[in-house]
Amino acid sequence: MHIPDGFIAPQVYLPLYAVAGGCWAYALRRVRRVLDEDTIPLLALLTAFTFVLGMVALPLPGGTTAHATGVALLALLFGVWTAFLAFSVVLLMQALLFGDGGITSLPLNALAMGLAGGAAAVAGFRLLKNLREKLALFLAGWLAINVAALLMALALGLQPHVARDADGVPLFFPFGWQITLPAVMLPHLLVGLAEGALTLSLYRFAQGYLSREP
Amino acid sequence: MSRDRLLLMGYLLLVLLMTTWHQPWLHAGVIGGCLLLAGDRGLRLAGKALLAVVLFSGGVSLGYWLFAWWQGFSPWEYLLRLNLRVFSLTLLTFWLMQRINLFRALDFSPGLSYLLIIASGQVQTLRGLYRDFRLAWRSRELNPPTLAQQQQQVGALGLCLLDKSLARSREISLAMRSRGFFDGPD
């Protein structure tokens, strides 16, 4: 699902950087209230885990790729803003050190996967946790993937509308929403199942660690 | 301002500029420049950059080529422009990142720097463990693992990773506390 450099037009990524910049500044202020010596080891572990998951990209029809993100797990354990910041660091490392994703697509990747995905996971979990916690955890992971995929598909499909040359040829990503929405969303309905299972299985394990006496 | 931060800012400005270039020869020029400046490492960097973008760019290019064939127009101008831009940006990133210390470039924020250090440290631990697990698995099994075996392997790797990385990240957090990281605002 990570988009490389060269596919997002400056008309899109520059405003997104402005939005993401404000969110990063806010998250940086908040993160120090959450982190302490007890939560740091698990956050570090999950950040690294997210990094490795994000490096494994599966090609999808229409030219995009799919990843398990682990962002739902981060958001449920540490809160949306901490997850967003940690995931943004993962994306930054992936973009600069491994060429997975890109610096121009960083704000889109971070806002869609890290912030919107994390927020959707927490909202879904809170909505259903009193009904059935296992279902709520599974849905949190599924929602994190699919909300992020929806935003990615919308952003990709926007590109040919905002950047064309004089002859009408697209300058960046070439396909509109009629292609990006089904091409991105349909596979992610399935990818979300894996993310849901991942969130369900690791959340309890991580909770057990967090509640353990040092 | 440190050299690393200046280089990072220069890189970001160049990336911004390059996304406003729509003439393929400009991107070809950046590719040539990177390869020349990289010297002996040029081909290796080019291969690494190609591997990094081939799935996404290849998928989009193939889709666009099929669409153009179906609609009866020539796709080559678009494909040349897109692929040269994507490749030049990725090659530039790889080439410059060999020359920038990212930790120093981003140390204007202790919080960001802290997260970057922790994350990169744990990634190294994870990758090392993963390599060890894979080699251990291969040394004991002649046949490829089944899906159930792979799941068990990932679970065992996760548990091992937790134990190993806990010690390392706790050391880092204690070291940062001893230097006053948690005592005051950014």
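This report covers the salt bridges of a predicted model.

## Basis

Residues are numbered from 1 along each chain as its sequence is written, and chains are lettered from A in the order in which they are written. In this predicted model, local features need pLDDT of at least 70 and side-chain atom pairs count only at pLDDT 80 or more, while totals for chains, interfaces and linings use all residues; side-chain values use heavy atoms, with hydrogens and water left out.

## Salt bridges overall

The whole structure holds 4 salt bridges over all chains. A salt bridge here is a side-chain nitrogen of Lys or Arg within 4 Å of a carboxyl oxygen of Asp or Glu.

## A network across two chains

Asp165(A), Glu77(B) and Arg81(B) are linked in a network of salt bridges. Arg81(B) meets Asp165(A) at 3.6 Å, N to O. This pair joins two chains, because Arg81(B) lies in helix H4 (residues 76–97) of chain B and Asp165(A) in the loop between helix H6 (133–162) and helix H7 (177–210) of chain A. Helices are DSSP runs (H or I, at least four residues), numbered from the N terminus. Both partners are buried, meaning under 20% relative accessible area; exposed is over 50% and partly exposed in between (1.4 Å probe, protein chains only).

Arg81(B) also pairs with Glu77(B), with the closest N and O atoms 3.9 Å apart. The two sit 4 residues apart in helix H4 of chain B, about one helical turn. Glu77(B) is partly exposed at 47%. Arg81(B) is buried at 4%.

## A pair within chain B

Arg3(B) and Asp4(B) form a salt bridge at 3.4 Å, N to O. Arg3(B) is exposed, at 52% relative accessible area. Asp4(B) is buried, at 6%.
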